[in-house]
Structures are given as C-alpha cells and as structure tokens.
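Have a look at it yourself before reading on.

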Amino acid sequence: MTKDRTTYSTKEAHDDKLAKLNGVIDEYKGKPGALIPVLHEAQKIYGYLPEEVQYHVAQGLGVPLADVYGVVTFYALFTMTPRGEHNIAVCMGTACYVKGAGELVNKIGSELGIKIGEVSEDRKYSLEATRCIGACGMAPVLTVNEEVHGRLNADQVGEILERYKV
Amino acid sequence: MARCSHILICRGTACVSSESLEVQKELENQIKDKGLTEDIKVVHTGCFGFCARGPVMVLLPDATLYCEVRVEDIGEIIERHVTGGEVVERLLFRDPKTDKTTPRIDDIDFFRKQVRIALRNCGHINPDNINEYIARDGYKALGKVLTEYAPAEVVNIIKKSGLRGRGGGGFPTGLKWELTRKSVDDAKYVICNADEGDPGAFMDRSILEGDPHSVLEAMAIAGYAIGASQGFIYIRAEYAIAVDRLSTAIKQAREMGLLGKNLFETDFAFDIDLRLGAGAFVCGEETALITSIEGNRGEPRPRPPFPAQKGLWGRPTLINNVETLANIAAIILNGPEWFTGFGTEKSKGTKVFALAGKIENTGLIEVPMGISLKEIIYDIGGGIPEEREFKAAQTGGPSGGCIPASLIDTPIEYDTLLEIGSMMGSGGLIIMDDRDCMVDIAKFYLEFTCDESCGKCTPCRVGTKRMLEILERITEGRGREEDIDLLKELGHGIKETSLCGLGQSAPNPVLSTLRYFEDEYMAHIRDKVCPAGVCKKLSKIRIIPEECKKCGLCAKVCPVGAIKGKAHEVHEIDPEKCIKCEECIKKCHFNAIKK
C-alpha cells in the first residue's frame with residue numbers, strides 16, 4: 001500500500017516536472033539563443049541535467065543532441081550528476097585562497113568523507129570548489145545552497161555543517 | 001523627536017552574509033515600537049565598500065558610520081543616537097593603528113582619499129527604487145542626450161573624455177562607439193559585459209547591486225549613439241543578488257517609460273534583456289561572450305572581424321564593461337572636461353578596485369588614476385595586518401602579474417602597469433605578505449587558466465598545462481634549473497600565438513613572478529626550500545628540543561606515526577613519514593613545533 005502511494009507520488013512529481021519543462025521549452029522555442037536559458041531552467045526543475053532531460057530539450061527546441069551535450073559539458077554551472085540536498089561550494093578565488101580556503105575544503109572533506117565534486121552517501125551533502133563569488137571582503141567564504149558564510153576558519157566548519165543537518 | 005532622519009544600511013553581498021538583513025529587520029521593528037516610523041526612514045543600499053567592517057550603516061544627517069553592527073546593538077543605537085542625539089562610541093570605526101575613533105564616514109581615511117564617479121550612488125540610494133536614482137539626477141543624461149544632441153555629438157563627448165575600457169584592455173571607449181556607429185546595418189546591439197570572472201574582483205557586482213540604473217541608462221545612451229534599439233546584459237548566474245536587482249530595475253524603468261518605445265517623447269526606442277552566464281571564465285572575452293549569447297559553447301573567434309563590424313548574430317555590436325558604462329551618465333552631465341580633470345595624461349578618470357588579501361580594510365575603493373600603490377595600501381587600505389611585511393600586489397587577476405615591494409611607488413595607470421609586466425585588468429587588487437609564496441601564487445593562477453581554457457587553440461590548451469606541470473614539480477621539490485628558461489620560452493610562445501585575450505595573457509602571472517622573484521623560484525629548485533613556508537612538500541616540520549616539554553601529545557595526534565620518542569624524552573619527527581598535515585603544530589601547547 002505504502003509502496004503504491006510512493007510510486008504514485010513519484011509519477012506525479014515526474015509529470016509535474018515534465019509539464020514545467022515543456023512550458024519552458026514552449027516559451028523559448030524559436031527564439032535565437034534559447035538553449036542556455038532553457039538549460040538553466042531545466043536544471044532548476046530537475047536539480048541536474050541527465051541525458052534524458054538533454055534529449056528532451058534537444059527534441060523540443062529542434063537542436064541536435066550533440067550541441068546540447070556540448071553546451072552542458074562546456075559550462076561549469078551545468079552538471080550531469082545530481083547534487084546533495086545541501087550543496088557546499090567553497091570559494092577558490094585568490095583572496096579566499098590566500099586566506100586558507102584550501103584548509104576549509106580539507107576539513108569539510110574529512111568531516112563528510114567526500115572529495116570535491118562528490119556527493120555524500122546519504123545524498124545530504126555535496127561539495128564543490130567554486131570560482132570567485134566576489135565576497136572577497138569576507139574571505140575565506142563558502143556558500144551552502146547559495147547562503148554565504150564568510151570570515152571562516154577550519155574550526156568553524158563543524159558548526160556550519162551542524163546547521164544544515166536537518 | 002528623533003535626531004536622525006535616515007538610516008542607510010548596506011545590503012551588499014558581504015554585509016548580507018554577515019546578517020545585515022536581520023539587523024535591518026530588528027531596526028525596523030524597534031523604530032515601529034518606539035513610534036518613530038514617521039520620522040525615520042530605513043533605506044537599504046548597495047555596497048559602501050567597507051566590507052571588512054560589515055555590516056555597516058550610516059545615520060543621516062550627521063553621516064555617522066557604525067561598523068560591525070549586531071542585532072543586539074540596535075537597542076542602544078535607537079536609544080542613545082536616534083532619540084538621545086549621542087554617538088555610540090563603541091560602534092564607530094576605530095583605527096587599529098592609532099586607536100582613534102572617527103564618527104563621520106567622510107572623515108575616515110578609507111573614504112577620504114577616494115573619488116567616486118562610477119560608485120557615486122553606491123551606498124547612497126536604494127537600488128530597488130528607481131525614484132531614488134532619479135532624485136540623484138538619474139536618467140537626466142539620457143533625456144539630455146535624446147533631446148539636445150545628435151548621435152555623433154554623443155560619441156564625440158565620450159571620445160573627448162578619454163574614457164578607456166575598464167574591463168581590462170583599456171581600449172578607448174569613444175573610439176569603440178564610433179566604430180560601431182559607422183558600421184551600417186539595420187540592426188545593431190549594445191551588450192554590457194557583466195561576466196566578471198577574475199578571482200578576487202567584485203567591482204562590477206557591487207555596481208550592479210548598488211546602482212543598476214546607472215548601467216541601464218548608459219546602455220540606452222550608447223544605443224542612441226550607435227543606432228541600436230536592443231541591449232543585453234550578460235551576467236554571471238552566480239551573482240544572485242545582482243541578477244535580482246537588475247531584473248527589478250529593468251521592470252521599473254519599463255514601467256516609467258525609460259526603457260521601451262518613444263523615450264522622452266522622441267522616436268528612439270531601446271530595451272534591455274538579461275542573459276545569464278553558466279560558469280565559463282572565457283565568456284568574459286567579447287567574442288566568446290557573443291557566441292555564448294547565441295546559445296553555443298562560449299568559444300572565442302578570431303578578430304577581425306571585430307564585434308563593431310560583425311558581432312551578435314552577425315550584426316555590429318558594442319560591448320562595454322559595467323564600470324565603463326557606470327561612468328557614462330556622469331560624463332554627459334558634467335562634461336568631458338570635468339572628467340579629464342581626474343587621472344593622468346593617458347588614463348583619465350578613476351578606477352574601482354576590489355581590495356582584498358592581506359590588508360586591513362578589504363573592500364571596494366574608487367581612486368583617481370595615477371595614485372600610487374603605496375597610497376592605496378597604507379592610506380586607504382590601512383596597511384598589512386599583524387604588522388607583517390608587504391611583499392607583492394597582484395593586479396589583473398589571471399591575466400595580470402605581481403608588483404613587488406620595490407615598485408610600490410609606481411603610479412597605477414594602464415600603461416605603467418603594462419610596462420612593469422602586469423596589467424590594469426578589471427580591478428582586482430590582492431595584497432600579499434611575506435607568508436605568501438610567489439611560485440604557489442603563479443601556480444594558483446595557472447591552475448585557474450588551465451582549467452578555464454576553452455580548448456579551441458593549442459597554445460593555450462596544451463601550453464598552460466605544460467607550464468602548470470613544470471610549476472607543480474618545482475613546488476614539489478623536483479624542479480630543474482633549466483625549468484626557469486623553459487617557463488619563459490613557453491610563456492612567450494603562448495602569449496604570441498594564442499587566439500584570444502585569455503590565452504595571450506595566461507602566462508603573465510608566471511612571467512611577472514619570474515621577473516621579480518626569480519630567487520624564490522631558485523630556492524625551490526636548488527635548495528628545495530619554500531621561503532614562505534607554503535609549499536607543503538618542501539616544508540620541514542621539526543620539534544625544537546629546548547621548547548619541548550616531553551608531554552607526548554604530538555606523537556598521539558600524528559595520523560601516520562611519524563613522531564617518535566619515549567615518554568619523558570624529547571620527541572623527533574621522521575621526515576620520511578611526515579605528511580605535513582600540521583596537526584602536531586596545532587595541538588602542541590608549548591609552540592615547540594615549527595615549520
């Protein structure tokens with residue numbers, strides 16, 4: 001019984017996402033330069049861009065799948081692997097780097113047992129190194145789900161992770 | 001009766017991350033509770049530039065600046081300052097060197113030496129309210145241009161002002177406008193390059209967050225001057241706050257009839273759309289940016305044809321950087337002669353720098369061209385923290401180079417920076433002290449360009465990789481003496497043969513550090529020592545016998561069992577086993593372990 005309900009709601013969620021994606025494709029179809037904005041929206045909907053989504057976008061916009069794949073793999077913000085529920089991005093800009101961003105990465109990595117680009121086993125956390133986010137005045141900084149935390153040192157890492165535990 | 005009329009609170013990215021939103025909320029609640037809503041207006045503004053001390057707020061009319069304001073401090077500010085008319089001494093800016101406090105924002109050294117043209121409204125107005133921009137003469141320049149000048153006259157004004165592109169290269173802006181104007185086509189485009197990608201640079205983000213309309217207005221002026229009716233702002237998707245503020249600004253400008261058709265009751269029409277980048281540094285290069293807007297992989301194309309002839313969708317396109325555009329309205333209103341009154345012979349006006357790294361006052365500053373590095377570091381920046389020694393300043397990000405302490409009096413302008421092997425770049429200014437290793441910094445930038453190289457041309461794709469491998473072996477103690485010459489040869493080859501600006505400037509960080517810090521490279525290669533103690537594989541961690549209290553804690557925390565010694569004996573580290581994790585240094589209570 002429970003299982004059926006889960007299947008049902010997963011299917012519902014799937015349909016819902018697909019309807020959203022189709023809406024986006026319809027909005028942009030035929031406009032020049034539509035591919036990148038559509039991929040941005042698609043990633044917002046699905047959290048990442050698996051092959052199936054790319055195929056659907058390619059069909060919808062009438063763009064060769066190779067071009068879609070080419071664009072997805074070219075730009076760093078597009079990802080083909082799902083991220084964790086909480087995505088931790090440590091800024092690797094110069095200011096953060098000279099103020100110890102590398103230590104932050106090591107500490108987070110050892111706390112969560114993951115390396116840059118990986119997702120924790122429970123899918124709760126993912127870790128990435130990001131380009132300068134321009135908060136150099138607060139270096140070193142990291143963002144968790146786009147929330148910025150600044151003026152950090154490795155000892156504060158545990159406290160920050162704790163906040164996102166739920 | 002309140003002793004204060006306005007409270008301006010900074011909502012730039014840095015202040016928001018130190019909870020300025022919560023501070024603002026508390027402020028508004030308390031003002032409401034005290035029944036002062038009628039008397040005091042709380043305004044959130046863009047970046048003041050004083051990021052090191054955020055969250056900051058300014059109380060008008062006295063222009064009192066309070067730093068590092070916490071939610072708990074609000075009660076005291078309301079009670080003592082707002083109703084009591086007394087300054088809250090403990091929240092004022094305190095000079096760490098003299099221990100003196102300064103109440104007025106304009107009297108603080110950090111602000112006193114600045115000249116704010118591009119940042120004229122940042123920290124003064126609410127960026128989400130077009131009326132505040134209009135109240136400070138916003139859109140007046142657009143009105144003036146549309147009703148009083150012919151397009152060619154506008155181009156002449158910009159040419160006369162001597163304004164040069166603030167994105168890095170320093171190409172004369174007026175000339176770019178003229179070239180695009182002279183290209184004949186029935187459609188042309190204006191693009192604002194807001195793909196600020198240099199690590200350590202946040203000037204453009206701050207302008208877009210603090211004064212988005214100044215960019216919109218300038219784009220419309222440019223559109224009129226060159227004959228375009230459509231503009232695009234290509235902005236990094238990572239700049240969430242700036243994207244929001246720009247969207248709001250565009251919407252408000254359209255509602256007020258300041259974008260759209262028949263602007264100022266003329267035939268001129270102009271509209272602007274946003275395009276979000278997707279995380280590719282190379283897209284800051286203008287031809288790559290155009291390719292990206294067209295929906296492709298952001299790879300640069302050879303020039304000529306220049307964008308001024310064949311740009312977006314093959315049409316003549318004008319591309320200006322955010323800071324360049326932020327100067328335009330001020331030049332139109334005050335005249336080109338006023339603008340040429342600032343700066344030097346070949347570099348007119350001011351430049352915004354993002355000051356970061358080992359400096360007291362990290363933040364955003366705008367200074368006249370020609371100011372010396374020394375003035376920026378010591379007068380405005382407040383010097384190096386912990387009384388350390390200034391070693392080098394990095395300008396121009398991955399395209400620039402390091403300026404050594406011996407050249408600290410060099411005037412900062414386009415041409416002098418090029419002469420000393422660096423470049424103006426977009427305005428990142430990273431200060432480094434004696435604990436920063438120049439080989440490591442060069443390696444850091446090369447890792448960046450190597451990673452961001454789009455791969456289209458071989459010199460950049462393969463050349464940067466080969467240079468990086470050499471730097472890696474030097475920092476790991478496997479360097480060879482001939483590596484120095486090899487780096488130079490490769491570097492010059494890449495500069496001469498790469499397709500776009502990214503590749504042509506990629507070797508700069510290596511070449512400039514080689515020029516001024518060759519002895520540091522040699523120390524890594526010949527003596528297998530990193531003088532700054534940064535390169536882990538070259539550092540040796542040792543226990544000072546005289547300081548060691550024989551407690552054995554270090555041996556316990558060592559994860560690889562590299563520390564040997566019996567209880568009550570001085571311990572020793574086995575360099576073969578040590579992985580330089582520095583855990584023992586952190587744990588030792590007696591500072592007996594050094595690297």
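**A strand in chain B**

I began with strand β15 (residues 428–433) of chain B, and found that 5 of its 6 residues are buried, so the strand is mostly covered. I call a residue buried if 20 or more other C-beta atoms lie within 10 Å of its own, exposed if 12 or fewer, and partly exposed in between, with C-beta atoms placed from the backbone. Strands (E, at least two residues) and helices (H or I, at least four) are DSSP runs, numbered from the N terminus.

A note on the source: this is a predicted model, where local features need pLDDT of at least 70, side-chain atom pairs count only at pLDDT 80 or more, and totals for chains, interfaces and linings use all residues. Residues are numbered from 1 along each chain as its sequence is written, while chains are lettered from A and ligands numbered from 1 in the order in which they are written.

Next I looked up the partners of β15(B), taking strands as paired if DSSP finds at least two bridges between them. Strand β11 (residues 350–357) of chain B runs parallel to β15(B), joined by 4 bridges; here Gly357(B) has Ile431(B) as its bridge partner. Strand β13 (residues 390–395) of chain B is antiparallel to β15(B), over 5 bridges, and Thr395(B) is bridged to Leu429(B).

**Domains of chain B**

Between them, 14 residues of domain 2 are in contact with 17 residues of domain 3, contact being C-beta atoms, placed from the backbone, within 7 Å.

**A loop proline**

Where does Pro304(B) sit? I found Pro304(B) in the loop between α12 (286–293) and β10 (317–321) of chain B. Pro304(B) counts as exposed because it has 8 C-beta neighbours inside 10 Å. Its C-alpha atom is 18 Å from that of Tyr189(B), 115 residues away along the chain.

**Where the chains meet**

Last, I turned to the two chains: 32 residues of chain A are in contact with 39 residues of chain B. On the chain A side, the elements giving two or more residues are α2 (35–46), α4 (65–74), α5 (94–98) and β4 (147–149). Of these, α5(A) gives the most, with 4 residues.
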